[in-house]
Amino acid sequence: MAEQITREDALTREGHRHACHIMLYGDSSAKLFGKIPIKHIVLMQMRFDGLLGFPGGLVNPSEETLEAGLIRELHEEVGVAVPVGVDNHVSSCLSPSCPRLITHFYIKKMAEPELKELERAAVATATDHGLEVLGMVRVPLYFLKNGGGLPYFLSHSFISNSRAQLLSALQSCGLLSQGELEKAVRQAQQMRR
Ligand code: GTP
Ligand code: MN
Ligand code: MN
Ligand code: MN
Ligand code: MN
Ligand code: MN
């Protein structure tokens, strides 16, 4: 587990770089194959390096607030202005993979039509599309036969601690039960062997 610190403490640390990423999500009544409720839309992205992660990026707190920097990164990577405030901040961590990097995590709930518009803009207008971002992806939250759905998704490779950020966000937003999360993690682990 990455070491967690407060937003205030993070901003007083000298010689650290800061990165802000966000989970954009919302409810959906759509059904896969006309029968399996997808329940929620949760957005991540396929990065240029082949790893999954959340939209966002490096922010320079001496030139911009964390939230203004995140809004700038979202504009580059998703192609739309998404209002983000301090109330969307959920955690700040010393990065487990990158020394002297502090990763700030945000969560924002949006309406389904807004999320769909954002998915279109990510292809149509985002300057980073096809470059630093290879595409937005939705996280499958359901369970199919033989590990299909969330277990397979979790068996992929993720940047830094974004996989842990995803799991804790799914729990804190109440998108899946503790039992479902444990089952998905257990099945994903069996696939990686
Ligand atoms: P450049 O414009 O090329 O600088 O990229 P960027 O500003 O978009 O930065 P990026 O999104 O790659 O994030 C910077 C660093 O934060 C990465 O090198 C990772 O170490 C880390 N990182 C990237 N995505 C995530 C994420 O979803 N969660 C966490 N915790 N860390 C991330
Ligand atoms: Mn089909
Ligand atoms: Mn970026
Ligand atoms: Mn980025
Ligand atoms: Mn950047
Ligand atoms: Mn860039």
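S92 is buried, with a relative accessible area of 0%; buried means under 20% relative accessible area, exposed over 50%, and partly exposed in between, using a 1.4 Å probe and protein chains only. This serine belongs to strand β8, residues 89-94. Helices (H or I, at least four residues) and strands (E, at least two) are DSSP runs, numbered from the N terminus.

The side chains of S92 and H89 are joined by a polar contact of 2.8 Å. Such a contact is a pair of N or O atoms within 3.5 Å; within protein, one must be able to donate a hydrogen and the other to accept it, and residues adjacent in sequence count only if both atoms are side-chain atoms. When neighbours within four places in sequence are left aside, S92 is in contact (heavy atoms within 4.5 Å) with E3, Q4, I5, T6, R7, A10, I102, T103 and H104.

## Basis of the description

The model is predicted: local features need pLDDT of at least 70 and side-chain atom pairs count only at pLDDT 80 or more, while totals for chains, interfaces and linings use all residues. Residues are numbered from 1 along each chain as its sequence is written, chains are lettered from A and ligands numbered from 1 in the order in which they are written, and side-chain values use heavy atoms, with hydrogens and water left out.

## The manganese ions

The manganese ion (ligand 3) is coordinated by E73 (OE) and E77 (OE), at 2.1 to 2.2 Å. Donors are N, O and S atoms within 2.8 Å of the metal (3.2 Å for Na, K and Ca); water is not among the atoms, so sites may look incomplete. Both glutamates are in helix α2 (residues 66-78), 4 residues apart, about one turn of the helix. An α-helix has 3.6 residues a turn, so residues three or four places apart point the same way. E73 is buried, at a relative accessible area of 8%, and E77 is buried at 5%.

E77 bridges the manganese ion (ligand 4) and the manganese ion (ligand 3), which lie 3.3 Å apart. G56 lies in strand β7 and E77 in helix α2, so the pair ties together parts that are 21 residues apart in sequence. G56 and E77 are both buried.

## Aromatic rings

The whole structure contains 2 aromatic pairs. Rings of Phe, Tyr and Trp (its six-membered ring) pair if their centres lie within 6.5 Å; planes under 30 degrees apart count as stacked, over 60 as edge-to-face and the rest as tilted. F54 and F105 form a tilted pair, 5.0 Å centre to centre with 55 degrees between the planes. Since F54 lies in the loop between β6 (52-53) and β7 (56-59) and F105 in strand β9 (residues 101-109), this pair ties together parts that are 51 residues apart in sequence. Both F54 and F105 are buried.

The rings of F153 and F158 have centres 5.7 Å apart and planes at 70 degrees, so they form an edge-to-face pair. F153 is buried, with a relative accessible area of 9%, as is F158, at 12%.

## Helix α5

In helix α5 (residues 162-172), the buried residues are S162, Q165, L166, L167, A169 and L170. They pack against β2 (17-27), β5 (40-47), β6, β9, α4 (150-154) and α6 (178-192). After α5 comes G174, whose phi is positive, near 70 degrees.
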